[in-house]
Amino acid sequence: MNESDRQSTGMSAALAGLHGHASAASRWLADLVMPPQCLLTGEPVGRHGDLAPAVWQQLHFIDAPLCSACGIPWEAQMTGHDLCAACVAGEDHPAALIFAKGLDRVRCALRYDDLSAQLALRLKYADRLDMAAGLSRLMVQAGRELLTGQALLVPVPLHRARLVSRRYNQAAILARAVSRSSGLGLCLDMLQRHRATPRQQGLSAKGRERNVRGAFRIAPTHAERARGAHIVLIDDVLTTGSTLKACARVLKRSGAARVDALVLARVVPEGIGAI
Ligand SMILES: [Zn+2]
């Protein structure tokens with residue numbers, strides 16, 4: 001998909017999303033009161049949630065060719081290969097994300113770099129909730145293979161104490177926006193983070209797995225809803241995937257038929273896609 005395709009796809013999703021229920025007159029009035037600005041630079045743009053063209057061109061979108069399971073991008077087109085080395089090796093591989101009793105597929109909109117980190121941090125800490133509609137459009141495009149049928153969107157939860165200090169869960173904000181853009185169902189509180197865990201920053205992959213082990217559970221009131229469901233977990237950043245894997249295991253144990261994950265930005269280690 002080239003840049004103009006991306007922009008035009010985003011345009012139609014935007015019309016169904018941010019202003020889907022607003023009349024043309026009220027949109028015009030809203031734009032007059034608060035003109036659309038680039039999410040990062042503040043430059044004038046055509047619609048709310050957009051990025052300035054210069055920012056757009058610097059973002060690194062994750063697009064085909066990629067591993068059909070974990071979604072890691074290939075370095076180059078690799079004919080005859082559908083899965084990356086980690087997905088072929090399975091649970092023993094240090095970078096494996098996909099397991100029979102865990103995640104089935106993962107897709108991400110952006111590579112995690114300085115620019116996408118700024119977008120994620122502003123959403124997370126700077127009360128820029130207006131960004132969610134624009135960012136969700138990128139996620140819907142990246143996750144088009146996952147967002148089908150009766151897929152149910154479930155955000156990765158925060159522990160209650162962190163939710164109180166931060167006031168909102170950025171994954172829930174993105175999940176709500178992806179639901180609006182895609183029309184798919186949403187269950188904001190299917191998962192609970194019942195054990196507070198230290199921050200993951202600075203921990204090794206194994207340390208991160210230990211840190212979140214046993215931290216999540218399914219809300220008893222939603223246990224029945226999870227059974228047989230196709231669930232798409234939503235989060236802002238994927239580093240090693242330990243949090244998503246822990247959430248997926250809980251959902252599979254509760255009888256979910258398929259658990260995929262859709263993330264805004266992902267750390268892509270060097271050479272990980274090669275077989
Ligand atoms: Zn893979």
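Does Val 140 count as buried or exposed, and at what relative accessibility? This is a predicted model. In it, Val 140 has 18% relative accessibility, so Val 140 counts as buried. The cut-off for buried is under 20%.

Now place Val 140 in its surroundings. Val 140 lies in helix α6. Leave out residues up to four places away in sequence, and Val 140 touches Leu 147, Val 178, Ser 181 and Ser 182. Ala 177 is 37 residues away from Val 140 along the chain, and their C-alpha atoms are 9.6 Å apart.

Next comes the helix pair. Two packed helices are described by the angle between their axes and the distance between the axes. Helix α6 covers residues 131–142, and helix α8 covers residues 170–182. Their packing angle is about 65°, and their axes are 8 Å apart. The two helices, α6 and α8, are therefore roughly perpendicular to each other. Their crossing is right-handed. From α6, the contact uses Ala 132, Ala 133, Leu 135, Ser 136, Arg 137, Met 139 and Val 140. From α8 come Ile 173, Leu 174, Ala 177, Val 178, Ser 181 and Ser 182. Sorted by type, the residues of this contact are nine nonpolar, three polar and one charged.

Helix α9 spans residues 205–212. The packing angle between α9 and α11 is about 40°, and the axes are 9 Å apart. The helices α9 and α11 are therefore oblique to each other. This crossing, too, is right-handed. Arg 208, Glu 209 and Val 212 of α9 meet Ser 242, Thr 243, Lys 245 and Ala 246 of α11. Here the contact residues divide into two nonpolar, two polar and three charged.

The largest nonpolar core has 41 residues. Leu 103, Met 190, Leu 233 and Leu 251 have the most contacts inside this core. Several elements each supply at least two of its residues, among them α4 (85–89), β1 (105–111), β6 (230–238) and β7 (258–266). The largest share, six residues, comes from α11.

Take Leu 233 as an example. Beyond its neighbours within four places in sequence, Leu 233 is in contact with residues including Leu 103, Val 154, Leu 191, Leu 244, Leu 251 and Val 259. A second, separate core has 38 residues, and these include Met 131, Leu 147, Leu 262 and Leu 264. Leu 147 is also one of the residues that Val 140 touches.

Key. Residues numbered from 1 in each chain as written. Predicted model: local features only at pLDDT ≥ 70, side-chain atom pairs only at ≥ 80, totals over all residues. Heavy atoms only, no water. Axes fitted to C-alpha atoms, helices over the stretch in contact; angles between N-to-C directions. Helix = DSSP H or I, 4+ residues; strand = E, 2+ residues; numbered from the N terminus. Parallel < 35°, antiparallel > 145°, perpendicular 65-115°, else oblique. Left-handed = near helix turned anticlockwise from the far one by under 90°. Contact = heavy atoms within 4.5 Å. Nonpolar A, V, L, I, M, F, W, Y, C, P; charged D, E, K, R; others polar. Core = buried A, V, L, I, M, F, W, Y, C linked by side-chain atoms within 4.5 Å. Buried < 20%, exposed > 50% of the residue type's maximum accessible area, 1.4 Å probe, protein only.
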